[in-house]
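Subject: Handover of a structure

Hello,

Here is the structure I promised to pass on. Please open it next to this message and follow along.

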Amino acid sequence: MAVNRVPVLKRCRALGLEPSYLGYDKKSKRQNLKAGKKVSEYGLQLREKQKAKFIYGVLEKPFRNYYNKADRMKGMTGENLMVMLERRLDNVVFRMGLARTRREARQVVGHKHIMVNGKKVNIPSYLIKAGDVIELTEKARSMQRYKEIVEVTGGRLVPDWMEVDLEGLKGTIKNLPTREMIDVPVNEMLIVELYSK
């Protein structure tokens, strides 16, 4: 399995991204020295794609598969892509506040600590549907780790498209998100332009 080992703050600085979108509350003290360079149109498109991949923790091949699937769906390709990335199980666990970062959420899912509609799911890329109930397993509920995580993430804003019960460590997907509900700073139209060349 391929793992991205690039330091998070270094990557955020290179992409001009706030670490808070990834769940990190640190700030980089270094300044980006490339600020004065003029970026080509292709460079802008590539940066947006890299930003989306980095935020959601998706590598190139699966990302391209998401794009192809979004292209075949009805509606705007860019919006479909963003909604699909937002529906990933690891992202939903992060949004619910059961993990501090998306990387940690991916690990939580991989360790079989998450149940979807009463069944254990250990696939981070599993796409949730409206009405799904996501909760921690019985074994995971008793772990001190999750109590500490919920204390840290309790103040995080839960999106409108899900309902979360942090006491019971579970959440329900009220409806699928729309692009307006997704607060990720990515211009998906540039990604569509890049792939449609």
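First, the ground rules. This is a predicted model, where local features need pLDDT of at least 70, side-chain atom pairs count only at pLDDT 80 or more, and totals for chains, interfaces and linings use all residues. Residues are numbered from 1 along each chain as its sequence is written, and side-chain values use heavy atoms, with hydrogens and water left out.

**The sheet**

Helices (H or I, at least four residues) and strands (E, at least two) are DSSP runs, numbered from the N terminus. Five strands form an open sheet: 5 strands in the order E2-E1-E3-E5-E4, with antiparallel pairing. Two strands pair if DSSP finds at least two bridges between them. E2 (119-120) and E4 (162-165) are the edge strands. Each has a single partner strand, so one side of each has no neighbour in the sheet. E3 (residues 133-136) and E5 (residues 170-173) are an antiparallel pair with 3 bridges. Ile-134 has Gly-171 in E5 as its bridge partner.

Helix H5 (residues 89-96) lies across E1 (114-116), E3, E4 and E5. H5 runs at about 55 degrees to E4. (Axes are lines fitted to C-alpha atoms, for helices over the stretch in contact, and angles run from 0 to 180 degrees between N-to-C directions.)

**Helix H3**

H3 covers residues 60-72, 13 residues in total. The end C-alpha atoms of H3 are 19 Å apart, which agrees.

Which residues of H3 are buried? They are Phe-63, Tyr-66, Tyr-67 and Ala-70. (Buried means under 20% relative accessible area, exposed over 50%, partly exposed in between, with a 1.4 Å probe and protein chains only.) These residues cover an arc of only 100 degrees around the axis, so they sit on the same side of H3. The arc is that of the directions from the helix axis to the C-beta atoms. Lys-61 and Arg-72 are exposed on the other side of H3. The cover over the buried residues includes helix H2 (41-56), helix H4 (77-86) and helix H9 (188-195).

**The rings**

The structure holds 2 aromatic pairs. (Rings of Phe, Tyr and Trp, its six-membered ring, pair if their centres lie within 6.5 Å; planes under 30 degrees apart count as stacked, over 60 as edge-to-face and the rest as tilted.) Phe-63 and Tyr-195 have ring centres 6.2 Å apart and planes at 35 degrees, so this pair is tilted. Phe-63 is in H3 and Tyr-195 in H9, 132 residues apart. Tyr-67 and Tyr-195 also form a tilted pair, 4.7 Å centre to centre, with 35 degrees between the planes. That pair ties together parts of H3 and H9 that are 128 residues apart in sequence. Tyr-67 and Tyr-195 are both buried. Ring pairs link Phe-63, Tyr-67 and Tyr-195 into a cluster.

**Two threonines**

Thr-101 is in the loop between H5 and helix H6 (102-110). Is Thr-101 buried or exposed? Thr-101 is buried, because its relative accessible area is 11%. Leaving out residues up to four places away in sequence, Thr-101 touches Leu-22, Gly-23, Tyr-24 and Phe-94. Contact means heavy atoms within 4.5 Å.

Thr-172 is in strand E5. At 31% relative accessibility, Thr-172 counts as partly exposed.

Best wishes

Note on methods
The expected span of a helix is 1.5 Å times one less than its number of residues.
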